[in-house]
Amino acid sequence: MSTSQIPFLKGHGTENDFVIVPDPENAVDLPASVVARLCDRRAGIGGDGLLHVVRSAAHPEASDMAGQAEWFMDYRNADGSIAEMCGNGVRVFAHHLQRAGLVEEGDLAVATRGGVKRVHIAEDGAITVSMGRAELPASGVTVTVDGRSWDARNVNMGNPHAVTFVDDLAHAGDLRSAPAFGPESVYPDGVNIEFVVDRGPRHVAMRVHERGSGETRSCGTGACAVAVAAARRDGVDPAETGSPATYTVDLPGGTLVITEYPDGGVDMTGPAVIVAEGLIDPGLLGPTRQGSASAR
């Protein structure tokens, strides 16, 4: 591991927060143990995940997307595990690129393990991400908390989700540990689980347990999965009606607006904020948990 100090930023999208490591040439080694240290809220910088900012051409997992997107979001969960996508993370990633002068306001493409995502940075700072199509596998799923079980909708937004509608968000429990689900074979690599209540017409609120991170203040792909699941529950399918369906989704950290189009595409619009930047102390990258990060 290098002894050089490494720049970082801290940002959030509706309070889903991230450590951002700019590394255009993919020169920084970030094994799972180091990512977990950086995301540790007591011994590290703290975050729900880490955004490794790399040029697509410099990363072996993204080089085949370099012709479509200059930048690759190498996203990691807080425990260091690799994730396909993070909707809030894409917004924060795009905001960082604009803030750093690497992209301009307007349209851009971001490569992710879930494919190339189209992003629009509006003049007012709101960022819209084209999240792709929601897949709705037919397999039945059950979610269980404290001996109470609910049927859940299986939704895939490039990563897996189980969406269940409850009478009270408190029924989700503390969400520090993953709720039980079955059959386990439906999600062999784990799943993000959303608990949802109604707030009004095409307006819902949710809590989420993100695999590898626990309960987070917001989950962009989760909000998309929730909006699609709510639409189907309400008998709304834009592919059949020919009209977009827009849902407002309240999360503990803020509000996202999700629109599903007749062609199946799903857009997510919300804010992104950079709150700090600094240098990672080399001690935090070593084999022990000692070290610090100085923010400015």
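Predicted model: local features only at pLDDT ≥ 70, side-chain atom pairs only at ≥ 80, totals over all residues.
**First stop: the cysteines.** Zero disulfides are present in the structure. Start at C219: its closest cysteine sulfur is that of C86, and at 6.5 Å the two are too far apart for a bond, because a disulfide needs sulfur atoms within 2.5 Å. Now move to C224, whose closest cysteine sulfur belongs to C219, 8.7 Å away and again too far for a bond. Colour by accessibility and you will find C219 buried at 2% and C224 buried at 0%.

**Next: the aromatic pairs.** The whole structure has three of them. Show W150 and F195: their ring centres are 6.0 Å apart with planes at 85°, so this pair is edge-to-face. W150 sits in strand β9 (residues 148-156) and F195 in strand β12 (residues 192-200), so the pair ties together parts 45 residues apart in sequence. Both residues, W150 and F195, are buried.

Then select F181 and Y187, another edge-to-face pair, with centres 5.5 Å apart and planes at 75°. Here F181 is partly exposed at 22% relative accessibility, whereas Y187 is buried at 4%.

**A charge over a ring.** Bring up F165 and look for R233, which lies over the face of the F165 ring, 4.4 Å from its centre.

**Last stop: T259.** Find T259 in strand β16, residues 254-260. T259 is buried, with 12% relative accessible area. Show its side chain together with that of T246, and a polar contact of 2.8 Å joins the two. Beyond neighbours within four places in sequence, T259 is also in contact with residues including P244, A245, G265, V266 and D267.

Terms used: Residues numbered from 1 in each chain as written. Heavy atoms only, no water. Buried < 20%, exposed > 50% of the residue type's maximum accessible area, 1.4 Å probe, protein only. Helix = DSSP H or I, 4+ residues; strand = E, 2+ residues; numbered from the N terminus. Polar contact = N/O pair within 3.5 Å; in protein donor to acceptor, adjacent residues only side chain to side chain. Contact = heavy atoms within 4.5 Å. Phe/Tyr/Trp six-rings, centres within 6.5 Å; stacked < 30°, edge-to-face > 60°. Lys NZ or Arg CZ within 6 Å of the ring centre and 35° of its normal.
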